[in-house]
Amino acid sequence: MLDTKDKKLLILLQNDAKKTTKQLAGELDLSVTAVFERIKKLEKHQVIRKYVALLNTEKIQKNFIVLCHVKLVQHKKEYISQFEREITQFPEVLECFHVSGDHDYILKICVRDIQEYREFMVGKLTNLQHIASTQSSFMIKEVKNSTVIEP
């Protein structure tokens, strides 16, 4: 479905979605109309899901990142469904992965500091039903953070 121009266009947009169609056309050696039509096609087929602004977490004082491993008491379908429904309601949780292995979920949590994380744990996460245990790891240094996926 994707040709080489589509793939290059997707990489360009992931690196800077604010580039104009004219700028993209110049980099792709296509007409402005052709680039516009390609973008619309990629949006229509949901290859491009949405456009976002990535924030500098230090500037907004939300740079305390925690990876929290969660184990449920049982793997019942209703427990899984309830946990997944409830965890999506917490703005502190940036990502939630249902995983294999010793734990059932890995959460990526973004808060101001350890105190705010404690408030999240005590006031929100541990109030959810069916959680058997949690294990938290705190980010020391961000080595790589990318949102670019090579098509």
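Guide: Two strands pair if DSSP finds at least two bridges between them. Strands (E, at least two residues) and helices (H or I, at least four) are DSSP runs, numbered from the N terminus. The model here is predicted: local features need pLDDT of at least 70, side-chain atom pairs count only at pLDDT 80 or more, and totals for chains, interfaces and linings use all residues. Residues are numbered from 1 along each chain as its sequence is written, and side-chain values use heavy atoms, without hydrogens and water.

Visitor: What makes E2 and E3 a pair?

Guide: Five bridges join them. The cut-off is at least two, so E2 and E3 pair. They run antiparallel. Phenylalanine 97, for instance, has isoleucine 106 in E3 as its bridge partner.

Visitor: What lies between E2 and E3 in their hairpin?

Guide: Six residues. In the turn, glycine 101 has a positive phi of about 105°.

Visitor: How do you know that E1 and E3 pair?

Guide: Seven bridges join E1 to E3. That meets the cut-off too, so they pair. These strands also run antiparallel. Valine 66 has isoleucine 109 in E3 as its bridge partner.

Visitor: Why is E3 called mostly covered?

Guide: Count its buried residues (buried means under 20% relative accessible area, exposed over 50%, partly exposed in between, with a 1.4 Å probe and protein chains only). Five of the seven residues in E3 are buried.

Visitor: Which residues of helix H4 are buried?

Guide: In H4 (residues 77–87) they are Tyr79, Ile80, Gln82, Phe83 and Ile87. Down the helix axis they fall within an arc of 170°, so they line one face. The arc is that of the directions from the axis to the C-beta atoms. On the other side, Lys77, Glu78 and Arg85 are exposed.

Visitor: What covers the buried residues of H4?

Guide: The cover includes E1, E2, E3 and E4. So E3, itself mostly covered, is part of the cover of H4; contact means heavy atoms within 4.5 Å.
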